[in-house]
Amino acid sequence: MGPPKKRDEGWFTSLYAADYEHIFRYGLRRLADRDASAELAQEVFVVAWRRRAEVPERSLPWLYGVARRLLANQWRSRRSAPDLLPITDVDLERLAGSSGADTSVGVADIWAALANLNDLDQEILRLVGWEELTVSEAAKVLGCTGATAAVRLHRARRRLAEAMSGRPAQTRRRPVLVTIREDL
């Protein structure tokens, strides 16, 4: 049993040429260095070759999903010392004061606000913002429905805006049960 029809070395070479840089940058934004990102990209394409019958025609969201799962496996195995891009409070203060093209919102401000969000909020914002995926493509990466991804994106954007503005997240109003004590 050979490779699926049209899923030969030529197909793989064109897939690699078209999507390698996207996967490399995906890893670079999440890992500490270029070598780790290149290694992640290579692992993603090893999986793509092995599972080439499952790779959809629009392959990039599928490849991002593979990369995300590979990173999750790595992080779980090295939970005590992950290779995440370290941004300390000192780095944030130094970068926040630097001047850039947009002085009202700097990269450090965005990093600081993102750091205050939970992992799922960060991931949906990165997929749509950095990886430039549509909501339905991000849903495929996250393994959820398009409607769920849209809701997650909406909530994550709201939380990011709140974190950027420095105001606390709005709390939901919950009914308060009042008991009347007659012994007072």
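Predicted model: local features only at pLDDT ≥ 70, side-chain atom pairs only at ≥ 80, totals over all residues.

Student: Where is the kink in helix 1 centred?

Tutor: Look at Asp19: helix 1 has a kink of about 50 degrees centred there. As for its span, helix 1 has 20 residues (9-28), so at 1.5 Å a residue you'd expect 28 Å, and the 27 Å between its end C-alpha atoms agrees with that.

Student: How do I describe two packed helices?

Tutor: You give the angle between their axes and the distance between those axes. Here, take helix 6 (residues 119-129) and helix 8 (residues 146-165): they pack at about 100 degrees, and their axes are 9 Å apart. That angle is why helix 6 counts as roughly perpendicular to helix 8.

Student: Which residues in helix 6 and helix 8 meet?

Tutor: From helix 6 you have Leu120, Asp121, Ile124, Leu125 and Val128; on the helix 8 side they meet Ala149, Arg152, Leu153, Ala156, Arg157, Arg159 and Leu160. Sort the residues of this contact and you get eight nonpolar, four charged and no polar.

Student: And how many helices and strands does the protein chain have?

Tutor: Eight helices and zero strands. Of the chain's 184 residues, 32% are buried. Now take contacts between residues at least 6 apart in sequence: 62% of them join residues at least 24 apart.

Note on methods: Residues numbered from 1 in each chain as written. Heavy atoms only, no water. Axes fitted to C-alpha atoms, helices over the stretch in contact; angles between N-to-C directions. Helix = DSSP H or I, 4+ residues; strand = E, 2+ residues; numbered from the N terminus. Parallel < 35°, antiparallel > 145°, perpendicular 65-115°, else oblique. Contact = heavy atoms within 4.5 Å. Nonpolar A, V, L, I, M, F, W, Y, C, P; charged D, E, K, R; others polar. Expected span 1.5 Å × (residues − 1). Bend = angle between axes of the 7 residues up to and from the residue. Buried < 20%, exposed > 50% of the residue type's maximum accessible area, 1.4 Å probe, protein only.
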